[in-house]
Amino acid sequence: MTKTHMITKVALATAGAVALLSAGSGAALAGSGGASAPAGASVPAAISAPTAGISCAKAVKIAKKRVPGARVTEVEREREHGHRVCKVELVRGNWEYDVYVSLRTGKIIKFKKEYDD
């Protein structure tokens, strides 16, 4: 499959999901080339309901709330303790903080504080 075909399929699937989510009921564009789906048709759960979770931008806000006045130095997505997390590294004074925020729940699942001299 060429890159152009892959991009087209992703664009069609995205358009279909947006149409389903914004219309609520009724016909929507299907990922198989523009066929309409009848109202009330079953739709896979991955498309019908938005995935619960948070973004890394929200994770940064959560981390900054945990360490007020700190400056964010790095943000990256990782896996920690079986969770998809956003690792937010912060600095305040001579202290470095690593805050691991679950992208599914928005809860801090790991917190590290180290003194840097």
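Reply: We may begin with burial: a residue is buried under 20% relative accessible area, exposed over 50%, and partly exposed in between (1.4 Å probe, protein chains only). Of the 117 residues of this chain, 21% count as buried. The model is predicted, so to speak of local features requires pLDDT of at least 70 and side-chain atom pairs count only at pLDDT 80 or more, while totals for chains, interfaces and linings use all residues. Residues are numbered from 1 along each chain as its sequence is written, and side-chain values use heavy atoms, with hydrogens and water left out.

Me: How many helices and strands does the secondary structure of the chain hold?

Reply: Helices (H or I, at least four residues) and strands (E, at least two) are DSSP runs, numbered from the N terminus. Here there are three helices and four strands, and along the sequence they follow the pattern α-α-α-β-β-β-β.

Me: In which order do the strands of the open sheet stand?

Reply: Strands of a sheet pair through backbone hydrogen bonds, either parallel or antiparallel. Two strands count as paired if DSSP finds at least two bridges between them. In this model the open sheet of four strands has the order β1-β2-β3-β4, with antiparallel pairing. Its edge strands, β1 (71-80) and β4 (108-115), each pair on one side only. Between β2 and β3 (residues 95-102) there are eight bridges, and V91 stands opposite E96 in β3. Between β3 and β4 there are seven bridges; V101 has I108 in β4 as its bridge partner. The hairpin of β3 and β4 has five residues between the strands, and G106 takes a positive phi near 80° there.

Me: Which helix packs on the sheet?

Reply: Contact means heavy atoms within 4.5 Å. Angles run from 0 to 180 degrees between N-to-C directions, with axes fitted as lines to C-alpha atoms, for helices over the stretch in contact. Helix α3 (residues 56-66) packs on the sheet and touches β1, β2, β3 and β4; its direction makes about 45° with that of β2.

Me: Which residues of the largest nonpolar core touch the most other members?

Reply: A nonpolar core is a set of buried Ala, Val, Leu, Ile, Met, Phe, Trp, Tyr and Cys residues joined through side-chain atoms within 4.5 Å. The largest one has 14 residues, of which A63, V67, C86, V88, L90, V99 and V101 touch the most other members. At least two residues come from each of α3, β2 and β3, and α3 gives the most, with five. V67 has contacts that include L90, V99 and F111.

Me: How many salt bridges does the structure hold?

Reply: Side chains of opposite charge can pair when their charged atoms come close. A salt bridge is a side-chain nitrogen of Lys or Arg within 4 Å of a carboxyl oxygen of Asp or Glu. The structure holds three. One joins E80 and K110 (3.0 Å, N to O), linking strand β1 with strand β4 across 30 residues. E80 counts as buried at 14% relative accessibility, whereas K110 is partly exposed at 25%.

Me: What are the partners of E89 and D98 in salt bridges?

Reply: E89 pairs with K87, the closest N and O atoms being 3.2 Å apart, and both residues are buried. E89 lies in strand β2 (residues 83-92). The side chain of D98 meets that of K112 (3.8 Å, N to O). D98 lies in β3 and K112 in β4, so this pair ties together parts 14 residues apart in sequence.

Note on methods
Lists of a residue's contacts leave out its neighbours within four places in sequence.
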